[in-house]
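This report examines one protein chain, moving from individual residues to the chain as a whole. The sequence and the structure are shown below.

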Amino acid sequence: MNRTEWTKEHIAGYVLSLIKEQLQLEKDVAPDDELASYGMDSFASMSLVVAFETNFNIVFEDEELLFENFATLQDMVEAIYGKLQP
């Protein structure tokens, strides 16, 4: 897929699979669940950001790399989607 073909639903599915793998979860998380309550820490969050940058061919600037910007599945999807828009 090219940058503009990714829908929020596609992104959410991909991000959810990465979150579940990273946190070793069996069940899905709700879009607005605080991922810290599932064990997400800043190291795991940054690991996901690297995967996002690689997979979607995007770059997050240093000032964007705040834990609260990636606190929920929805936050992650919005951050990625925003980077993919022309």
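## Contacts of Gln22

In this predicted model, Gln22 touches Ala44, Ser47 and Leu48, not counting residues up to four places away in sequence. Gln22 itself belongs to helix α1. Because its relative accessible area is 29%, Gln22 is classed as partly exposed.

## Ser45 in helix α2

Ser45 is a residue of helix α2. Is Ser45 buried or exposed? Its relative accessibility is 1%, so Ser45 counts as buried; the cut-off for that class is under 20%.

Leaving out residues up to four places away in sequence, Ser45 is in touch with Met40, Phe67 and Phe70.

## The nonpolar core

The largest nonpolar core of the model contains 24 residues. Those with the most contacts inside this core are Ile11, Val15, Ile19, Phe52, Phe56, Met76 and Ile80. Two or more residues are contributed by each of α1 (8–23), α2 (42–56) and α3 (73–84). Helix α1 supplies the largest share, six residues. In soluble globular proteins, nonpolar side chains tend to be buried together.

Val15 illustrates how parts of the sequence meet. Apart from neighbours within four places in sequence, Val15 is in contact with Phe52, Leu73, Met76 and Ile80.

## Two loop residues with positive phi

Gln24 is not a glycine, yet it has a positive phi of about 55°. This residue is found in the loop between α1 and α2. With a relative accessibility of 71%, Gln24 counts as exposed, because the cut-off for that class is over 50%.

Asn57 likewise is not a glycine and has a positive phi of about 55°. Its place is the loop between α2 and α3. The relative accessibility of Asn57 is 60%, and this residue therefore counts as exposed.

## Overall fold and dimensions

How many helices and strands does the protein chain have? There are three helices and zero strands, and the pattern read along the sequence is α-α-α.

Taken along the principal axes, the C-alpha atoms fill a box of roughly 35 × 25 × 20 Å. Considering contacts between residues at least 6 apart in sequence, 63% join residues at least 24 apart.

## Surface and charge

Of the 86 residues in the protein chain, 31% count as buried. The accessible surface of the chain comes to about 5,200 Å², and 50% of this belongs to carbon and sulfur atoms.

The charged side chains comprise 5 positive and 17 negative ones. The centres of these two sets lie 5 Å apart.

Key: Residues are numbered from 1 along each chain as its sequence is written. This is a predicted model: local features need pLDDT of at least 70, side-chain atom pairs count only at pLDDT 80 or more; totals for chains, interfaces and linings use all residues. Side-chain values use heavy atoms; hydrogens and water are left out. Helices (H or I, at least four residues) and strands (E, at least two) are DSSP runs, numbered from the N terminus. Buried means under 20% relative accessible area, exposed over 50%, partly exposed in between (1.4 Å probe, protein chains only). Contact means heavy atoms within 4.5 Å. Accessible areas come from the Shrake-Rupley method with a 1.4 Å probe; for residues, only the protein chains shown count as cover. Lys and Arg count as positive and Asp and Glu as negative; His and the chain ends are not counted. The place of a charge is taken as NZ of Lys, CZ of Arg, CG of Asp or CD of Glu. A nonpolar core is a set of buried Ala, Val, Leu, Ile, Met, Phe, Trp, Tyr and Cys residues joined through side-chain atoms within 4.5 Å.
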